[in-house]
Amino acid sequence: MAVQRNPNLFDGVIARAPGYNWVGFLGAFNRTAKALAAPGGAFSAAKTALLAKHVRDACDGLDGITDGIVANPAACTAKNLNLAALRCAGGADTGDTCLSDAQLAVVNAWTSDAIFEGSSTYRSRGYNLTGNEDDPMGFGIWVSGDGDVTKAGQYMFQDTTVKYYMARDSTADSLNYSPWDQNQTALYALAALNDATQTDIRPFLMAGGKLIVWHGGSDSALSVNSTIEYMTNMEKSVGAKSAAGSTRFYVAPGVDHCEGGVGADKTDLLMALDQWVSKGVAPGTLTAEKVDAKGAVTLAMPLCQYPQYPRYIGPANSASAAKLASNYACTSPSAVSK
Ligand SMILES: [Ca+2]
């Protein structure tokens with residue numbers, strides 16, 4: 001928002017897991033919450049674990065190593081995922097080894113784009129299935145509420161937004177507020193206050209500003225695909241040369257919202273930005289680490305510039321080799337056949 005609205009305020013900006021499309025992502029939260037609240041839609045922790053394991057079984061190894069991280073989501077196609085194999089016989093819930101039709105509808109709401117009337121920017125891209133849905137800071141806490149959607153973070157965000165922005169009625173029922181784009185005046189006000197969807201950031205770039213954008217690959221709160229969309233459109237608006245000269249975009253596989261998760265979540269982005277702004281040293285591939293409670297590094301891998309991802313190229317079946325950044329290479333999704 002600072003880059004777009006106050007382009008002379010900062011010499012450099014780090015935007016980490018940016019929540020820039022409020023109208024769009026809150027509408028997506030509302031849609032997913034309704035699917036979870038529908039009869040038979042509730043997602044217990046066991047159902048989430050079932051889904052996560054199914055995704056890992058299908059896609060974990062597509063990045064060169066089976067380590068619990070789906071680092072190459074582009075290869076994790078609907079065909080590879082084959083979600084239909086999870087369907088309970090007959091479509092009704094018959095236990096924790098399958099998903100009912102109502103639960104598969106939740107997965108569809110979660111992973112498909114949410115597009116609303118009123119502006120081309122009122123949209124949120126669908127979430128990737130990452131195999132990390134069962135992480136403690138993943139799908140359960142943000143989306144499903146482990147069987148009670150009203151306990152989930154996304155429910156709470158959209159519920160208070162319906163009550164205090166949209167309906168202006170503290171008794172409004174967000175799960176029966178439909179459609180999301182019915183109150184255009186309220187959406188416009190929300191966008192004017194909170195959205196940061198302007199893709200032409202040339203005033204910032206021409207003033208010498210540098211921008212580093214980072215997003216966790218298994219963020220259950222905000223879709224990494226929305227950030228990918230913004231950066232793609234930003235590049236079109238400012239031109240490829242200007243974008244390459246003054247902006248960087250990194251995706252950290254297996255990392256939750258801002259931090260945590262199975263992946264390597266720690267990178268000194270501030271040092272990278274300072275070197276860039278102060279000394280003109282533009283960042284390339286950086287290093288991401290995962291650090292345990294005692295401060296020991298338990299995993300290191302390259303932090304690659306999107307669309308590249310860290311592909312494992314080290315020796316097979318070596319837990320020690322898998323922890324070393326030198327055993328991964330930033331790789332384009334198209335470079336390896338699926
Ligand atoms: Ca993997």
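## Cys-304 and its disulfide

Cys-304 is buried, with a relative accessible area of 0%. In this predicted model, Cys-304 forms a disulfide with Cys-330, and their sulfur atoms lie 2.2 Å apart. This pair links distant parts of the chain: Cys-304 sits in the loop between β7 (297–303) and β8 (309–312), while Cys-330 belongs to strand β9, 26 residues apart. The torsion about the S-S bond is -90°, and the link is left-handed. Cys-330 has a relative accessible area of 23%; because that value falls between the 20% and 50% cut-offs, Cys-330 counts as partly exposed.

## The other cysteines

The disulfide count comes to 3, and counting bonded cysteines along the chain gives the pattern 1-2, 3-4, 5-6. Cys-258 is in no disulfide; the nearest cysteine sulfur is that of Cys-304, 20 Å away. Cys-258 is partly exposed, at 27% relative accessibility.

Let's turn to the remaining pairs. Cys-59 and Cys-76 form a disulfide with 2.0 Å between their sulfur atoms. This pair, too, links distant parts of the chain, with Cys-59 in helix α3 (residues 45–59) and Cys-76 in the loop between α3 and α4 (78–81), 17 residues apart. The torsion about their S-S bond is about 80°, so this disulfide is right-handed. Both Cys-59 and Cys-76 are buried.

Cys-88 is joined to Cys-98 by a disulfide, S to S 2.0 Å. Both Cys-88 and Cys-98 lie in the loop between α4 and α5 (101–111), so the pair ties together parts that are 10 residues apart in sequence. This link is right-handed, with 95° about the S-S bond. Cys-88 is buried at 1% relative accessibility, and Cys-98 is buried at 7%.

Asp-63 is buried, with a relative accessible area of 2%, whereas Asp-67 is partly exposed, at 27% relative accessibility.

## Helix α10 and its surroundings

Helix α10 covers residues 224–238 and has 15 residues. From its first C-alpha to its last, α10 reaches 21 Å, close to the 21 Å expected at 1.5 Å a residue. At its start, a side-chain oxygen of Ser-223 comes to within 3.1 Å of the backbone nitrogen of Asn-225. Just after the helix, Gly-239 takes a positive phi of about 95°.

The buried residues of α10 include Val-224, Asn-225, Ser-226, Ile-228, Tyr-230, Met-234 and Val-238. Their cover includes α1 (2–5), β3 (123–124), α9 (202–206), β4 (210–216), α11 (240–246) and β5 (247–252). Ser-124 belongs to strand β3 and is buried, with a relative accessible area of 2%. Beyond its neighbours within four places in sequence, Ser-124 is in contact with Ser-226, as well as Asn-21, Gly-24, Phe-25, Ala-28, Asp-113 and Ala-114.

## Pro-333 after β9

Pro-333 is found in the segment after β9 (328–331). Not counting residues up to four places away in sequence, Pro-333 touches Asn-72, Ala-74, Pro-307 and Tyr-309. The C-alpha atoms of Pro-333 and Asn-183 are separated by 41 Å, and these residues are 150 residues apart along the chain.

Note on methods:
Residues are numbered from 1 along each chain as its sequence is written. This is a predicted model: local features need pLDDT of at least 70, side-chain atom pairs count only at pLDDT 80 or more; totals for chains, interfaces and linings use all residues. Side-chain values use heavy atoms; hydrogens and water are left out. Helices (H or I, at least four residues) and strands (E, at least two) are DSSP runs, numbered from the N terminus. The expected span of a helix is 1.5 Å times one less than its number of residues. Buried means under 20% relative accessible area, exposed over 50%, partly exposed in between (1.4 Å probe, protein chains only). Contact means heavy atoms within 4.5 Å. A polar contact is a pair of N or O atoms within 3.5 Å; within protein, one must be able to donate a hydrogen and the other to accept it, and residues adjacent in sequence count only if both atoms are side-chain atoms. A disulfide is a pair of cysteine sulfur atoms within 2.5 Å.
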